[in-house]
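Please look over the following points with the structure open beside you.

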Amino acid sequence: MASRFADVKLGPPIEVFAVNKACVDDPHPDKINMTVGAYRDDEGKPWVLPVVRKTERAMADDCTLNHEYLPVLGLEAFSSAATGMLLGPDHPAVAEGRAFGVQTLSGTGALRVGAEFLTRQLKYSTFYMSNPSWGNHKLVFLNAGFAECREYRYWDAAGRTVDFAGLLEDLRAAPENAVVILHACAHNPTGCDPSREQWEQIADVMKEKKLFPFFDSAYQGFASGDLDKDAWAVRYFAGRGFEFVCAQSFAKNFGLYNERVGNLTMVLNDKQLVPQVKSQVTLIVRGMYSNPPNHGGRIVATVLNNPQLFEEWKECIRTMANRILAMRKGLRQRLQALGTPGGWDHIETQIGMFSYTGLTPRQVEHLVGHYHVYLLKSGRVSMCGVTPHNIDYLAKAIHETVLLLPD
Ligand code: LMR
């Protein structure tokens, strides 16, 4: 019988999840999973932060909590704490009531709600993302109604660093009112951030060309272990008087990947406009998923609003950041000790979950096929997959692969 679905074409797989599944399904005892950006402890296991467990236990015993709907814009205690964490609680935009947050379905949901607001209400139609960028930015922004996706140069493959001249040149050539996606810290996939001086120049160009900043902040605290340091660029733009939006994810820094906890911070320069803007965001959320879930948002709100739990959480993010930093250093040292051809300093100087190794597609294929070391075709590795138990095997696998297949 003919089907109404007969013309549906098979879509492409989502690379990061497809490669992750291939690794999970691989029975090889030495396999290493460096695919999805999700924290693992020294034993290679997912980590529920102790402060999260503690908060969940208290929530389970709290009979005043129930499962009623949250408001469309979410839990106020969560969104205001998240916005305060991003901008700093004493930031003038917060104190003056010009900045507010909206609880969303993780960072992706914040990107989607923010992007849809910008197309519907501000009539923006072109967005820029870095080349390369997180694999989902394009899909989210196009699905939100943007007509045109453009890229600004970001990666200097030879120098294994930011192609800053290319970046500035591309932003200078952008049309007025283009929306520019900026990674607040720990750029995914390269692990390379602009320096503070470079951020200042980016801000200069964006002011001059009237470009609209859309920050994506997925690693605050996780990148360096320091919440303030990781929010520097966003706060700098706020201080320069930009109006902007920022998608915040609590997946990595709270380990709440599947709870979908996010916040969209909106910074306006006129407090009087906040009610109108909120009312339009309300309609977007209502028409998309009606209202957000409670559990993860309440955990984050409880921790951020309780000084003792907040300190415990900061200790957790330092633990995660330091483990990653130690693995970066260890891998860099091993590759250099083995005399692996090429420079490997970038493994240590890059920041956050990911390293853009510079490994070529052929080398990646060999690492997967021969050594059961799983990473993305682009050469991106999640450093979370490296542990004290597999780091020697990994270094040897990279070393032998680079020797066998020089490019
Ligand atoms: C990643 O980049 O691996 C993570 O942010 C997971 C994802 O959704 O892509």
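**Notes on the ligand site and the cavity**

1. The shell of residues around the ligand is made up of five nonpolar, two polar and two charged residues. Keep in mind that this is a predicted model.

2. Which residues are they? The shell consists of Val16, Phe17, Val36, Gly37, Trp134, Asn188, Lys252, Phe354 and Arg380. Gly counts among the polar residues in this tally.

3. Arg380 places a polar side-chain atom 2.8 Å from an oxygen atom of the ligand. For Lys252, the distance from a polar side-chain atom to a ligand oxygen is 3.0 Å. Asn188 also has a polar side-chain atom 3.0 Å from an oxygen atom of the ligand.

4. How much of the ligand does the protein bury? On its own the ligand exposes 260 Å², and the protein buries 82% of that.

5. Rolling a probe the size of a water molecule over the atoms shows where empty space is left. Searching the whole structure turns up one cavity of 30 Å³ or more. The largest cavity has a volume of about 60 Å³.

6. Which residues line the largest cavity? The lining consists of Tyr152, Tyr154, Leu167, Leu171, Leu182, His183, His187, Pro194, Trp199 and Ile202.

How values were computed:
Residues are numbered from 1 along each chain as its sequence is written. This is a predicted model: local features need pLDDT of at least 70, side-chain atom pairs count only at pLDDT 80 or more; totals for chains, interfaces and linings use all residues. Side-chain values use heavy atoms; hydrogens and water are left out. A residue is near a molecule or strand if one of its heavy atoms lies within 4 Å of it. A polar contact is a pair of N or O atoms within 3.5 Å; within protein, one must be able to donate a hydrogen and the other to accept it, and residues adjacent in sequence count only if both atoms are side-chain atoms. Accessible areas come from the Shrake-Rupley method with a 1.4 Å probe; for residues, only the protein chains shown count as cover. On a 1 Å grid over the protein atoms alone, a cavity is a set of points where a 1.4 Å probe fits but cannot get out, and a pocket is an open set with protein on both sides within 12 Å along at least five of seven lines; lining residues have an atom within 4 Å of a point. Grid points are joined across faces, edges and corners, and a volume is the space filled by probe spheres set on the points.
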